Each structure stands twice: as structure tokens, then as C-alpha cells.
Amino acid sequence: MKTLSQSTANHRTTWDALKSEGKLAYEEPLAPYTSFRIGGPAEIFFEPETVEACAKAVRLALDAGMPVHFLGGGPNLLVADAGVRGLVIRLAGELSEIRFE
């Protein structure tokens, strides 16, 4: 994947608003986030700081007709060299653990 999709390029200002709510990057290599250290880039990569920021990102992607992918710790994950279209959300920080009470 060499360029952002037209949808992402058209809505870049909207996506940039998420920068204050977590790590946001375009064409972010996913290899560092997998245990095998292989794989191409995510079209949009977001590591939200809060549950609310995660929900906001998902809503933005769905409103834009963009696929949403979730990335946990990265074990047993293979990412194609061509990368991943759409939004990849890495669950880290307070989102890296799910507890049922």
C-alpha cells in the first residue's frame, strides 16, 4: 500500500482530531507490533488512550465506510506485506485488559 485511500485523504482533518486522544499515524508499519516482526503498514493506525477515544475512532471509520481492525498484543498475528486498508486500532494502556465484574 503506497498511498492513502481517497476516503482517508478526504477526511484527514477529521482523523487528525484524534491526535489529542492517542497515537495516530498514517501508513504505520505493523511489523513492530507483531511477535514475528513482519508485515506492512496500516492505512490509519490508532492507539487510543481511553474507551471513549476508541469508540470515537470506530464511529469515524464506520461513518466513512472504512473497515476496522483491532490489534491486541500481536502474538500469532501475520500481516501481509501489502499492509491493511482501513483503521487498525491497537488496544494498549487501559484497553489492553478486559475485566468482568
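Which contact joins the side chains of Glu28 and Lys23? A polar contact of 3.2 Å joins the two, where a polar contact is a pair of N or O atoms within 3.5 Å; within protein, one must be able to donate a hydrogen and the other to accept it, and residues adjacent in sequence count only if both atoms are side-chain atoms. The model is predicted: local features need pLDDT of at least 70, side-chain atom pairs count only at pLDDT 80 or more, and totals for chains, interfaces and linings use all residues. Residues are numbered from 1 along each chain as its sequence is written, and side-chain values use heavy atoms, with hydrogens and water left out.

**The sheet**

- An open sheet is formed by 4 strands in the order 1-2-4-3, with mixed pairing; strands (E, at least two residues) and helices (H or I, at least four) are DSSP runs numbered from the N terminus, and two strands pair if DSSP finds at least two bridges between them.
- Strand 1 (22-29) and strand 3 (68-71) stand at the edges with a single partner strand each, so one side of each has no neighbour in the sheet.
- On average, neighbouring strands of this sheet are turned by 25° against each other, direction ignored; axes are lines fitted to C-alpha atoms, for helices over the stretch in contact, and angles run from 0 to 180 degrees between N-to-C directions.
- Strand 3 runs parallel to strand 4 (residues 84-90) and is joined to it by 4 bridges.
- In strand 4, Leu87 stands opposite Val68, and Val88 stands opposite His69.
- Helix 3 (residues 51-63) packs on the sheet, where it touches strand 2 (41-48), strand 3 and strand 4, and its direction makes about 165° with that of strand 4.
- Strand 2 and strand 4 also pair in the parallel sense, over 4 bridges, and Ala42 has Val84 as its bridge partner in strand 4.

**Burial and nonpolar cores**

- Strand 4 is largely enclosed by the rest of the structure, because 5 of its 7 residues are buried; buried means under 20% relative accessible area, exposed over 50%, and partly exposed in between (1.4 Å probe, protein chains only).
- The largest nonpolar core has 14 residues, and those with the most contacts inside it include Trp15, Leu24, Phe46 and Leu87; such a core is a set of buried Ala, Val, Leu, Ile, Met, Phe, Trp, Tyr and Cys residues joined through side-chain atoms within 4.5 Å.
- Strand 1, strand 2, helix 3 and strand 4 each supply at least two residues of this core, and the largest share, 4 residues, comes from helix 3.
- Apart from this core lies another, of 8 residues, among them Leu30, Tyr33, Ala42 and Val84.

**Individual residues**

- Beyond its neighbours within four places in sequence, Phe46 is in contact with residues including Leu18, Leu24, Ala57 and Leu87; contact means heavy atoms within 4.5 Å.
- Glu28 lies in strand 1 and is buried, with a relative accessible area of 15%.
- Leaving aside neighbours within four places in sequence, Glu28 is in contact with Lys23, Tyr33, Gly40, Pro41, Ala42 and Phe45.
- Pro75 is placed in the loop between strand 3 and strand 4 and counts as exposed at 54% relative accessibility.
- Pro75 and Ser35 are 40 residues apart in sequence, and their C-alpha atoms are 5.0 Å apart in space.
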